[in-house]
Amino acid sequence: MNWLLPRIFAGVLAMVLGGLAGYLLGEPARSPVLSVMVGGAAAVGIVAVLDTLRGYRLINWLRGAQDQQAPRDAGFWGELGYRVERSIRLREQRLAQEQLRLGQFLSAIEASPNGVLLLDAAGAIDWCNSMAADHFGIHPQRDRGQPVTNLVRAPAFVAYLQQGRFDDAVCFPKPNLDGTLSVLVRAYGEGMKLVLSQDVTDRERNDAMRRDFVANVSHEIRTPLTVLVGFIETMTNLSLTETERKRVLHLMQQQTERMQSLVSDLLTLAQLEGSPRPAVDRWVPLEPLYVQVEADARALSGGRHTLVVGRPTGVQIAGAQTELASAVTNLVNNAVRYTPEGGRVELSWRALADGSGEIAVTDTGVGIAREHIPRLTERFYRVDGSRSRDTGGTGLGLSIVKHVVQRHGGELDVQSEPGKGSRFRLLVPAARVRQTSVANPTAASETV
Ligand code: ADP
């Protein structure tokens, strides 16, 4: 009430002063009472007009955007303007803080690797992050307010929303059909829904690959096992001649070796997948590795091929010796196995201008049709299954090679033409290649 007394006082003072002025001015007119009343009323009127003007200025300011300061008047209107302005500024500050927090919150949801979509009680899109927009093929702004089932028409999703039982997630193909989405809905507020989406394409693909892998391994082991069981039954139930017995034992040995190679390749793959990348400062000399590979290849060929092996004198590769040996052995053994008698197999080394290097295995064998080349490194992928098995193949060799070369930061390149031969190149990055002495690129050993 501390604003009321000054206002009453100002009104009374104006009246008194106005009355006094009226009295003094009215004295000569000899009507003092009337002059006092007119003077008092005039003074109160002037005070009221001034007061109205101040009030009007304040209302005008309130009608505007309030971005200027409120009118700074003295007294009642000044205080009212100051207090109204202060409460507006406080509210603006609070609003700005809330908006900042909302912005941070939305940026956090935006950064989520999952899609987040908010639906209102009628099932219309309220807000979505860009991941959800990508998953559902919708536009975050343009499609706001649209019923979601008008835009996402996958029958599984529509049925899921309609049923309203959201205990488990639902999976369905992405609208652009390039993968699978897993969607989970949570109800909140008054009938509103939070739709969380996740791209599970890779997970599904990995699951399918794992299932295929287990099925393939089981199949690869079951075949020789069945053969072995058959032979064991034969030997148990029948009396065989010495020649027959030797033949059966030889076949049993072949099947056992087949299982052994399979288990050994599987273990190699598991080790490659489970161990850290090979060190970049452990240098493996290439020449002794080539010598060993050559000896193995010569034993496998049994003199049926011309083997040409370059001498990478002084060349060293940073990495794991056993892995590199396994990769090169696999390539050279494949070249021998898929090259008919009388053919030529060459193992070479070439240092490239950018410091990188190339281990190449070239053969004049059966070659591979173009459509098979991208799939060669898949586990158990074989172009010619019977030839692979007859020559002791497991279908895992090139998967091992690819793993090894990738772990060394390199690449596997395959060029081949059916009937003419193949060239498999392991490209080793410059950081993993070093030359410790002068090389003699022409030196090569040729054995028949
Ligand atoms: P496998 O044990 O069957 O040889 P790999 O993974 O080593 O398995 O090779 C996959 C397939 O690639 C082989 O089955 C074969 O059909 C083909 N292949 C690999 N190397 C050669 C080659 N040098 N010449 C022709 N075909 C090859």
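What should the 32 residues of helix α2 (residues 32–63) span at 1.5 Å a residue, and how far apart are its end C-alpha atoms? I find that α2 should span 46 Å and that its end C-alpha atoms are 46 Å apart, which agrees; the expected span is 1.5 Å times one less than the number of residues.

I note that this is a predicted model, in which local features need pLDDT of at least 70 and side-chain atom pairs count only at pLDDT 80 or more, while totals for chains, interfaces and linings use all residues. Residues are numbered from 1 along each chain as its sequence is written, and side-chain values use heavy atoms, with hydrogens and water left out.

For the whole protein I counted 12 helices and 14 strands, both being DSSP runs (H or I, at least four residues, for helices; E, at least two, for strands) numbered from the N terminus. The radius of gyration is 45 Å, well over the 22 Å of the globule rule for 448 residues, so the protein is more spread out than a compact globule; the radius is taken over C-alpha atoms, and the rule is 2.2 Å times the number of residues to the power 0.38. Along its principal axes the C-alpha trace spans about 160 × 65 × 35 Å, and 37% of the 448 residues count as buried.

Definitions and conventions: Buried means under 20% relative accessible area, exposed over 50%, partly exposed in between (1.4 Å probe, protein chains only).
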